[in-house]
Amino acid sequence: MSQDVTEIPITPSTPAGVDNPGPDTQSADGGTPADRRGQISWAIFEWARNPYVLLITIYVFAPYFSNHVVGDPVQGQAIWGYINGFAGAAIAILAPFLGAIADLGGTRKPWIIAFTLVMVPAMIALWFALPGDGGIGIWGVALCIVTITIAYEFSAVFHNSMLPSIAPHSRIGFLSGLGLALGNLGGLLILIFMLVFFTLPGNVPWSFIPDTPLFGLDQSLFQDSRISGPVAGMWLAAFSLPLFLFTPDAAKNTIGAWEAMQKGVRRVVLTVMRLKHYRNVATYLGARMLYNDGKTAVLIFGGVYAAGVFGWGTLDMLVYGIILSVFAVLGGLIGGWLDDTFGSKIAIMTSIGGTTVGLLLAVSITPTELFFQPYDSTGPIWSLPFFKTLPELLYLCVVIIIAIFITAAYANSRTMLARIAPAKMMTEFFGLYALSGTATAFVAPILVGISTDMFDSQRAGFASILLLLLAGMAVMIFVNETRAERADGDH
């Protein structure tokens, strides 16, 4: 299950409002498309990037940072919230400017290369985050995570903007979906690799598991957690190369970056001002900002919360991540079925409602409580070295439900906009859709950080996300699933 903050809008093969989308020998933006190798290389970049989200921000490094670098799960969750909140605020401020450069054309690969060169060494540096605030310490980790998060999101801006120039209309949907599929598959494989070669050795007597961790890592020093940074960095460096080598870039723009930013930001402002003519779409984008922040926060803090409350280590977290990643695939299928059967609005309400109920159930389970009722542990229920108690297994089952509904909600959200935006302004509104995904990305992490600090409780901090999910659902009630007509004067 990946953190989907910068989503790739899946444009229909023949976009709404386009009578003649052009032949397959012509790219979606009217130029010459890349060959198949160039198109596949574009999709492989998602394979390169996505493991960072799973290894660092959700399942391995974040729980290690909270429990062992900070040394206090409650304070660790609060600090992790503030770090992600600061990064989200920086992204919200800068996104319109870099988005404008990407939207107005010109070369994109130099930007992606630059952001990759920033991300790789910062990921590798996480190896030096030692327990007890040692090594690069809490502040060093904060600097690395903020740097990587900003560069990660902006690399996606320029990567996404390449799609119309390298693919014909008939392959845009396929390539977009292929990128997402490869990203999820790459993340799943890297979690399995980490589990088999770094964490399971020495912990299970299974013949197909090595006797000792790869490279002689010492699990007692948490090196199987710390290696997640270098693994994500080297994976990104290696699998970014096909994009850089084989995917053609657009021609250099005649206007400079500053002029592009000025024009692009003016265009964003005008588009936002036009929203008064499209109240239904504006209401939907507002609802989506709220529940999208909530969904993202559940992803960011789910692992930190589980590790702190249940005392899960790297082994538990990797198995947890693998299971949720598998069920996230099912979520995409369920989301599509809900959308096709009941329509996008009901699908979204169902998906967010399921996430809300799942989160409420998740915070109702602790080692000493089941659904807010006291529970006396009877000891391990099996001999496997993970999820040994009934509360742990029930928590896992609940979070599987959350994974399914969160993935479904991502799919339903894109389809909803495609159903209600003016047919001949689809590109413009998908630009707003992307902007709405970053404009308030700092709210949920800061909310969790403040709530955790205020109540001195991981449970209270994690539960605060319910406010955003419920608010998003409440606003969705007022959204109608009807296509808006283009206002007079809009082109």
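Reader: What makes Tyr82, Ile450, Met454 and Phe455 a nonpolar surface patch?

Author: These residues make a nonpolar surface patch of about 420 Å², where a patch is made of residues with over 30% relative accessible area and no salt bridge, like charges being joined within 9 Å and nonpolar side chains (Val, Leu, Ile, Met, Phe, Trp, Tyr) within 5 Å. A salt bridge here is a side-chain nitrogen of Lys or Arg within 4 Å of a carboxyl oxygen of Asp or Glu, and the areas come from the Shrake-Rupley method with a 1.4 Å probe, only the protein chains shown counting as cover for residues. The model is a predicted one, in which local features need pLDDT of at least 70 and side-chain atom pairs count only at pLDDT 80 or more, while totals for chains, interfaces and linings use all residues. Residues are numbered from 1 along each chain as its sequence is written, and side-chain values use heavy atoms, with hydrogens and water left out.

Reader: Why is Tyr82 called partly exposed?

Author: Tyr82 has a relative accessible area of 33%, and because buried means under 20%, exposed over 50% and partly exposed in between (1.4 Å probe, protein chains only), Tyr82 is partly exposed. Tyr82 lies in helix α3 (residues 73–103), whereas the largest share of the patch, three residues, comes from helix α15 (residues 443–455); helices (H or I, at least four residues) and strands (E, at least two) are DSSP runs, numbered from the N terminus.

Reader: Why is the pair of Phe65 and Trp80 called tilted?

Author: Rings of Phe, Tyr and Trp (its six-membered ring) pair if their centres lie within 6.5 Å, and planes under 30 degrees apart count as stacked, over 60 as edge-to-face and the rest as tilted. The centres of Phe65 and Trp80 are 5.5 Å apart and their planes stand at 45°, so the pair is tilted. Phe65 in helix α2 (residues 61–69) and Trp80 in helix α3 are 15 residues apart, and both are buried.

Reader: What makes the pair of Phe115 and Phe154 tilted, and why does Phe115 count as buried?

Author: With centres 6.1 Å apart and planes at 50°, the rings of Phe115 and Phe154 also meet the criteria, so this pair is tilted. Phe115 counts as buried because its relative accessibility is 14%, and Phe154 counts as buried because its value is 2%. The pair links helix α4 (residues 109–125), which holds Phe115, to helix α5 (residues 137–166), which holds Phe154.
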